[in-house]
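Open the model in your viewer and keep the sequence panel beside it. This tour goes from the whole chain down to single side chains.

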Amino acid sequence: EVEERRRKDGDDAMDRVRGQIDALREQQDEALNKVDVHAEEISADLRAKLEQQQSEARGELESFRSQQEEAIGKVGARVEELSGELQGQLQAGQDEFRQRAQQLSDAQEAAAEALREERRAALE
């Protein structure tokens, strides 16, 4: 009867941990979906900004063609600077996505380790 109770307690503990793992997986999926959506929004926004800024820069270049070569160089440099900033923001969004995915993976691994520990404890 004691052995039966221990087995049942072990099974219950495993069920709880499995439930926790499933919940973590759902959280991970939701977080990844949110990050994907956020990354897509950022990407679309950055792309639109970049296109707008490039369009503005082209307009400026056309209007300054009659001016000195130095003025054209300054406008081109500004376009590159803005493009670099936008690329940096996109990279930061991607880095954040990777970091969140790693955190979720670490949490899932910790839950799996807890399951193994509870199972070992239940078997002892």
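Two notes before selecting anything. This is a predicted model, in which local features need pLDDT of at least 70 and side-chain atom pairs count only at pLDDT 80 or more, while totals for chains, interfaces and linings use all residues. Residues are numbered from 1 along each chain as its sequence is written, and side-chain values use heavy atoms, with hydrogens and water left out.

**Stop 1: the whole chain**

Show the cartoon. There are two helices and zero strands. Helices (H or I, at least four residues) and strands (E, at least two) are DSSP runs, numbered from the N terminus. The radius of gyration is 27 Å, well over the 14 Å that the globule rule gives for 124 residues, so the protein is more spread out than a compact globule. That radius is taken over C-alpha atoms, and the globule rule is 2.2 Å times the number of residues to the power 0.38. Along the principal axes, the C-alpha atoms fill a box of roughly 95 × 20 × 5 Å.

Of the contacts in the protein with a separation of 6 or more, 76% are between residues 24 or more positions apart. Contact means heavy atoms within 4.5 Å.

**Stop 2: helix α1**

Select residues 2–63, which form α1. Its 62 residues should span 92 Å at 1.5 Å a residue, and its end C-alpha atoms are 89 Å apart, which agrees. The expected span is 1.5 Å times one less than the number of residues.

Now color the buried positions. Buried means under 20% relative accessible area, exposed over 50%, and partly exposed in between (1.4 Å probe, protein chains only). In α1 the buried residues include Gly10, Ala13, Val35, Ser43, Leu46, Leu50 and Ala57. The buried residues of α1 pack against α2.

**Stop 3: helix α2**

Select residues 69–123, which form α2. The 55 residues of α2 should span 81 Å at 1.5 Å a residue; its end C-alpha atoms are 80 Å apart, which agrees. Among its buried residues are Val75, Val79, Leu82, Ser83, Leu86 and Gly93. The buried residues of α2 pack against α1. Over the protein, buried residues make up 18% of the 124 residues.

**Stop 4: the nonpolar core**

Which residues form the largest nonpolar core? Select Met14, Val17, Ile21, Ala111 and Leu115. Both α1 and α2 supply at least two residues of this core. Helix α1 gives the most, with three residues. A nonpolar core is a set of buried Ala, Val, Leu, Ile, Met, Phe, Trp, Tyr and Cys residues joined through side-chain atoms within 4.5 Å. In soluble globular proteins, nonpolar side chains tend to be buried together.

Center on Ile21. Leaving aside neighbours within four places in sequence, Ile21 is in contact with Ala111, Ala112 and Leu115.

**Stop 5: Gln28**

Move to Gln28, found in helix α1. Is Gln28 buried or exposed? Gln28 is buried, with a relative accessible area of 14%. Beyond its neighbours within four places in sequence, Gln28 is in contact with Ala101, Leu104, Ser105 and Gln108.

**Stop 6: the salt bridges**

Show the charged side chains. The structure holds 13 salt bridges, each a side-chain nitrogen of Lys or Arg within 4 Å of a carboxyl oxygen of Asp or Glu.

- Select Glu113 and Arg116: their side chains meet in a salt bridge, 2.8 Å from N to O. Both lie in α2, three residues apart, about one turn of the helix. Glu113 is partly exposed at 30% relative accessible area, and Arg116 is partly exposed at 35%.
- Select Glu4, Arg7 and Asp11: salt bridges that share partners join these residues into one network. The closest N and O atoms of Asp11 and Arg7 are 3.0 Å apart. Asp11 and Arg7 are four residues apart in α1, separated by about one helical turn.
- Select Arg98 and Asp95: this salt bridge has its closest N and O atoms 3.0 Å apart. Asp95 is partly exposed, with a relative accessible area of 38%.
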